[in-house]
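The sequence and structure come first.

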Amino acid sequence: MGSGSSSYRPKAIYLDIDGRIQKVVFSKHCNSSDIMDLFCIATGLPRNTTISLLTADDAMVSIDPTMPANSERTPYKVRPVAIKQLSEKEELIQSMLTQVVEQFSRAFKVNELKAEVANHLAVLEKRVELEGLKVVEIEKCKSDIKKMREELAARSGRTSCPCKYSSVHNGKKLVPRRDVPTYPKYLLSPETIEALRKPTFDVWLWEPNEMLSCLEHMYHDLGLVQSFSIHPVTLRRWLEKFSQMDILILMTAAICHDLDHPGYNNTYQVNARTELAVRYNDISPLENHHCAVAFQILAQPECNIFANVQPEGFKQIRQGMITLILATDMARHAEIMDSFKEKMENFDYSNEEHVTLLKMILIKCCDISNEVRPMEVAEPWVDCLLEEYFMQSDREKSEGLPVAPFMDRDKVTKATAQIGFIKFVLIPMFEMVTKLFPAVEELMLQPLWESRDHYEELKQRDDCVNEREADSPTAGGTDTSSSSPSSREKSRDVSNSEENALLN
């Protein structure tokens, strides 16, 4: 990772061939047989000849990719190993086998060539297709630009404003976009880009490959690709106060913060003494696992988007990502909130500790921001979350483990679960963010208030229905009110421990 994976140099070995020094270079990907063949060629011996390497004091050296490199002053001596003379019959068989091998090799090379040509043709066809689409997009962009210029000119004429960039729409100034690349690395329609910028963006409507294109767009939109020479993966531009490094860390951590989530929370991991809990000593086992998986992926050269970042920069990125992903453990919610409240009184963007805490709060906002979105987008995710909770509580009951009230299908409803979480966790956290960024109140707090009101109304309806059912005798004439817990009782059971339990 960092620049390490891209700075590997092939290994150079020096051989002493009758007083002549010969240099042989090979990569770490060569196997022992390949290296042996190289040495044979360098010494003028037939290929496949068995040879030995000796140091100056006649110690034997293993011939493999891990063999120690040497210098011209200390070359290895080459000694061919005596080869048994083959009989005439053995030589004939050996010759026949060699010819067979050559024929097979030619056949496979033909097939490889065919496959290579076919792949190359497919790439060219795809490129032609993409270029054709780019032309269409370019023409559409030209048309849009023309229309925009005409509209700006018309508005400028109406307002008699001498500056062509100061057009006002709904009280908001139009400002030039920054860091947007002039070359298309992805194909998104203007409608998609516009939808991506709004909280109403609904991931349920997108296929995984389409979401990848959206991520690419966001990284480009933030200018991260050019600043850090990384592969084109983009994230949406929305922070102006942070440095490019801060944005890179925050966005990449947001993508990686739930990698390989098993569907059972930290409480279950610890109580069940799972492998993850044992590995991380019961300390944020899931979040530590998400970090580890993220950097395992980044360790693969084909996935290392930080390959061109200098070691010191990569160290900063790694530490920043670990800090942010570990901050998403809800067990630390109160601790992080208290620390941020202290800094809020005199918040200083030049203070690294202050900015780090802000990034921790922001990734927490991203992590649990579902209710900030419109109800038609947010509610399907609530259903998924509750189903995950119920699966865990069912498993905990079957294994004799403690069950959190807010996850127990016998004690919680959608309304009671959401009301507590919105009131005790979401609204206080987003109110703090709004104090620092007043402009986001309408986008973040207003939807939360509306969501809270929606679930409180839903709870009232549930209470009324359950009370009517409790007051109605069964077919056998038995009153069920004493044997079946009402919605109000469920709500009380959950609310008593809600503020603390939700944070676990």
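Which residue stands opposite Pro80 in S5? That residue is Ile51.

## Basis of the model

The model is predicted: local features need pLDDT of at least 70, side-chain atom pairs count only at pLDDT 80 or more, and totals for chains, interfaces and linings use all residues. Residues are numbered from 1 along each chain as its sequence is written, and side-chain values use heavy atoms, with hydrogens and water left out.

## Strand pairing

Strands (E, at least two residues) and helices (H or I, at least four) are DSSP runs numbered from the N terminus. Two strands are taken to pair if DSSP finds at least two bridges between them. S3 and S5 run antiparallel and are joined by four bridges. S1 and S5 run parallel, with two bridges between them; Asp16 has Lys77 in S5 as its bridge partner.

## Helix H1

Helix H1 covers residues 32-43. The expected span of a helix is 1.5 Å times one less than its number of residues. At the start of H1, a side-chain oxygen of Asn31 comes to within 3.2 Å of the backbone nitrogen of Ser33. Gly44, with a positive phi near 80°, follows the helix.

Ile35, Met36, Asp37, Phe39, Cys40, Ala42 and Thr43 of H1 are buried, meaning under 20% relative accessible area with a 1.4 Å probe and protein chains only; exposed means over 50%, and partly exposed lies in between. The buried residues of H1 pack against strands S1 (11-17), S2 (20-26), S3 (51-54) and S5 (76-80).

## Annotated binding site

An unreviewed UniProt entry carries the annotation "binding site" for His257, Asp258 and Asp367. They span 111 residues in sequence, yet no two of their C-alpha atoms are more than 9.1 Å apart, so they gather at one spot. Such annotations may be inferred rather than shown by experiment.

His257 lies in the loop between helix H6 (244-256) and helix H7 (266-271) and is buried, at 13% relative accessible area. Its side chain reaches the backbone oxygen of Ala254 at 2.8 Å. Contact means heavy atoms within 4.5 Å. Leaving aside neighbours within four places in sequence, His257 is in contact with His290, Ile325, Thr328 and Asp367.

Asp367 belongs to helix H12 (residues 352-367) and is partly exposed, with 27% relative accessibility. Not counting residues up to four places away in sequence, Asp367 touches His257, Asp258 and Thr328.

Note on methods. A polar contact is a pair of N or O atoms within 3.5 Å; within protein, one must be able to donate a hydrogen and the other to accept it, and residues adjacent in sequence count only if both atoms are side-chain atoms.
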